[in-house]
Amino acid sequence: MARTVDPTVNAVRREAFVDAAQRLIQASGYEQMSIQDLLDELDASRGAFYHYFDSKASLLDAVIARMVTDAMVAVEPIVEDPGLSATGKLVAMFSGIASWKVERMELLMAVLRVWLSDGNALVRERFRRDVIETMTPVLTRIVRQGSRDGEFSVSDAEHVARVLVSLLLGANEHAGVLFTAHQAELVTLDEVEGALNAYPEAFERVLGARRGSLRWFEPGDLRRWFDLAAIHPSTP
């Protein structure tokens, strides 16, 4: 007789591995974390780990996927707020995601270095797919609202939303590269601000929005973010 697997228990056990991985990555870095460290942390067997994950990289994939989901859950009340304009929702959503990142700076810095390495190209690609799948419907609703209310001028809200997600992914990856370059003193903060402020401007042009209406960063925001990130450097 086949054994019945409780899906709720199965999910809880899998999440326990993700929880432990986050703690270990934040404490010592992904490269330093071994599967045995994870097993010791949970008093679990190697077979239990491979029941849920086929490799250490797939565990990293799960950690990052959870971060994407948690960030979107954090900004959901903004998207659902009937009193906010479409422009207000976009600005508040991006600001909310930035605040969410600041609150998890140590974990983000621990992930950043390995995230940019050539060996994790597949993880980055899965992350892109997760973000596209998660964010496109949300942005489609906001773009439709803005188009209906005359804030944006677009021909197809869903197609435009997909373009916006691509811009966000590009901004996220560019920010990581710039942070690493700034740590190595290869670029100045002025150059970083100029590069990243180009993305909100691109959003405005794609949406046909009023110039300056979608600026996500106040003067000095990026400098404060980079200063805070420098306090929590990625693991050497």
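A polar contact is taken here as a pair of N or O atoms within 3.5 Å; within protein, one must be able to donate a hydrogen and the other to accept it, and residues adjacent in sequence count only if both atoms are side-chain atoms. Helices (H or I, at least four residues) and strands (E, at least two) are DSSP runs, numbered from the N terminus. The model is predicted, so local features need pLDDT of at least 70 and side-chain atom pairs count only at pLDDT 80 or more, while totals for chains, interfaces and linings use all residues. Residues are numbered from 1 along each chain as its sequence is written, and side-chain values use heavy atoms, with hydrogens and water left out.

The protein chain holds eleven helices and zero strands. Its pattern along the sequence is α-α-α-α-α-α-α-α-α-α-α. The chain has 236 residues, of which 40% count as buried. Buried means under 20% relative accessible area, exposed over 50%, and partly exposed in between (1.4 Å probe, protein chains only).

Helix 8 covers residues 157-183. At its start, a side-chain oxygen of Asp-156 comes to within 3.1 Å of the backbone nitrogen of Glu-158. The expected span of a helix is 1.5 Å times one less than its number of residues. For the 27 residues of helix 8 this gives 39 Å, and the end C-alpha atoms are 39 Å apart, which agrees. The buried residues of helix 8 are Ala-157, Val-160, Ala-161, Leu-164, Val-165, Leu-168, Leu-169, Ala-171, Gly-176, Leu-178, Phe-179 and Ala-181. An α-helix has 3.6 residues a turn, so residues three or four places apart point the same way.

His-182 also belongs to helix 8. With 24% relative accessibility, His-182 counts as partly exposed. Its C-alpha atom lies 8.1 Å from that of Val-192, ten residues away along the chain. Just after helix 8, Glu-185 adopts a positive phi of about 60°. Glu-185 is not a glycine. Most residues other than glycine have a negative phi. Glu-185 sits in the loop between helix 8 and helix 9 (189-196). At 71% relative accessibility, Glu-185 counts as exposed.

Asp-43 lies in the loop between helix 2 (35-42) and helix 3 (46-52). Its relative accessibility is 75%, so Asp-43 counts as exposed.

Helix 4 spans residues 56-80. A side-chain oxygen of Ser-55 reaches to within 3.4 Å of the backbone nitrogen of Ala-57 at the helix start. The 25 residues of helix 4 should span 36 Å at 1.5 Å a residue; the end C-alpha atoms are 37 Å apart, which agrees. Helix 4 is kinked by about 40° at Ala-74, shortly before the proline Pro-77. The bend at a residue is the angle between axes fitted to the seven residues ending there and the seven starting there.

Leu-59 is found in helix 4 and counts as buried at 2% relative accessibility. In helix 5 (residues 86-103) lies Ile-97. Ile-97 is buried, with a relative accessible area of 16%. A separation of 9.8 Å divides the C-alpha atoms of Ile-97 and Val-68, 29 residues apart along the chain.

Helix packing was described by axes, which are lines fitted to C-alpha atoms, for helices over the stretch in contact; angles run from 0 to 180 degrees between N-to-C directions. Angles under 35 degrees count as roughly parallel, over 145 as roughly antiparallel, 65 to 115 as roughly perpendicular and the rest as oblique. Helix 7 (residues 121-148) packs on helix 8 at about 130°, with the axes 8 Å apart. Helix 7 is therefore oblique to helix 8. The axes of helix 4 and helix 7 come within 9 Å and cross at roughly 15°. These two helices, helix 4 and helix 7, are therefore roughly parallel. A crossing is left-handed if the near helix is turned anticlockwise from the far one by less than a right angle, and right-handed if clockwise. Helix 7 passes helix 8 in a right-handed crossing, and helix 4 passes helix 7 in a right-handed crossing.
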